[in-house]
Amino acid sequence: MNNAELIKAIQQLEEEKGLGKDVLVEAIEAALLSAYKKNFGSAAQNIRIELDRETGEQHVFSVRTIVESVTDPNSEVPLAEARGWDAESQVGDIVEVEVTPKDFGRIAAQTAKQVIVQRICEAERDMVYKEFRDREGDIVTGTVQRVERRNVYMDLGRIEAVLPPTEQVPREGYRQNDRVKAYVVEVKQGTRGPQIVVSRTHPGLLKRLFEIEVPEIYEGIVEIKAIAREAGARSKVAVVSRDRNVDAVGSCVGPKGSRVQSIVDELRGEKIDIVPWASDPAIFVASALSPAKVIRVEITEETKTALVIVPDNQLSLAIGKEGQNARLAAKLTGWRIDIKSESQIKEQEAKKIFADLPPEEEVPAAAEGQAVPGPESVPVAAAPAGEEAPGGAPRVEEKSVAE
């Protein structure tokens, strides 16, 4: 490889690999230095290699200290010789003396080839790492290459990402050449280059998909306040609009449900509930239990608990299959949710009323021939409804007392 071919190779690598010219030149200079030291041993001390970026010529310089009397010819130069190059040279100054061997180009080409390739690979891996390091929390699209030990390896173009079993959606299959969107969880530098870990279960994936499909979210008009997700089964998303004229839920659903349907298709059928976010916890909890209808919500701030009363026919819907709806609503709101039906609440209230009633007094045994005062002797219990008891007290129906 002559000098012209070297420069041409650098330009080609710059175009094909996207590596900067300075990175390549530094790699080659390091390779040439390694080759020089290997061939010249102890004489190669304080050496600097310079590659001309225009002509490709290589120059070897020995960095030496100016001294009166030379004891180490590899690192020192006499003052008299130095003043031959520069009349103002002084003892202690540092000078560079060119010591380029005549056959250095041939030696360098033979030795440096492997080192050059290695440095270029390292520079390329470092560049890919820097590129993806800033993409943590972003969404990527890749092609499934292979599945090994339950790990799914995806081709992202310039690098490979791994989808570990813990980040895979249950019952979701991955076949070779499938195009899959995934969330970048972690980017780390390994011995074999950057390692990218992606996820299909992370709530961030759902958030990024909404940002792609819903322009109002991307532009910041509609904000996603919270997400609760059971990957592959169901998710809940709480949204709020910063513009009164924009419906947050309607924006996410899209015309005829087209926007949310695209996300459902990408997540392979995962159900998505979009609910309006509210600063009032009672309203937010009621919304979070959608599609179930709620009669009222009683909030207990101290225990961060919400008692939710629903119609009898909505109880199972509010709880959901295996408690999924209630579980997701609790995760979405951050409140502990206790769901009761209307009948259950009435029953509890009735028990409480009876529990608060004073115990009945024992009736003293009547003496022989003496009448025992009966209930009809109590004015409020015996008086007909609508009439006043003696003394002006309102009369109460006996039925209501018994209740």
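Predicted model: local features only at pLDDT ≥ 70, side-chain atom pairs only at ≥ 80, totals over all residues.
**View 1. Strand β11 sits mostly under cover.** Of the 8 residues in β11 (residues 234-241), 6 are buried, where buried means under 20% relative accessible area, exposed over 50% and partly exposed in between, using a 1.4 Å probe on protein chains only. Residues are numbered from 1 along each chain as its sequence is written, and side-chain values use heavy atoms, leaving out hydrogens and water.

**View 2. β10, β11 and β12 make an open sheet of 3 strands.** The order is β10-β11-β12, and the pairing is mixed; two strands pair if DSSP finds at least two bridges between them. β10 and β12 are the edge strands, each pairing on one side only. From one strand to the next, the twist averages 20 degrees. On one side, β11 pairs with β10 (residues 222-230) in the antiparallel sense over 8 bridges. Look for Val222 bridged to Ser241, and for Ala228 bridged to Lys236. The hairpin of β10 and β11 has 3 residues between the strands, and Gly232 takes a positive phi near 90 degrees there. With β12 (residues 271-276), β11 pairs in the parallel sense over 6 bridges, and Val237 stands opposite Ile274 of β12.

**View 3. Zooming in on Ser235 of strand β11.** Is Ser235 buried or exposed? Ser235 is buried, at a relative accessible area of 0%. Its neighbours include Leu206, Ala228, Lys271, Ile272 and Leu328, with contact meaning heavy atoms within 4.5 Å. The Ser235 side chain also makes a polar contact with the side chain of Glu270, at 2.5 Å. A polar contact is a pair of N or O atoms within 3.5 Å; within protein, one must be able to donate a hydrogen and the other to accept it, and residues adjacent in sequence count only if both atoms are side-chain atoms.

View 4. Among the buried ones are Gln324, Asn325 and Leu328. They pack against β10, β11, β12, α9, α10 (315-319) and β15 (336-341). Just after α11, Gly334 takes a positive phi of about 80 degrees.

**View 5. Helices α9 and α11 cross.** The axes of α9 (residues 281-288) and α11 (residues 324-333) come within 9 Å and cross at roughly 145 degrees. Axes are lines fitted to C-alpha atoms, for helices over the stretch in contact, and angles run from 0 to 180 degrees between N-to-C directions. From α9, Phe284, Val285 and Ala288 make the contact, meeting Ala329, Leu332 and Thr333 of α11. By class, that gives 5 nonpolar, 1 polar and no charged residues; Ala, Val, Leu, Ile, Met, Phe, Trp, Tyr, Cys and Pro count as nonpolar, Asp, Glu, Lys and Arg as charged, and the others, Gly among them, as polar.

Notes: Helix = DSSP H or I, 4+ residues; strand = E, 2+ residues; numbered from the N terminus. Lists of a residue's contacts leave out its neighbours within four places in sequence.
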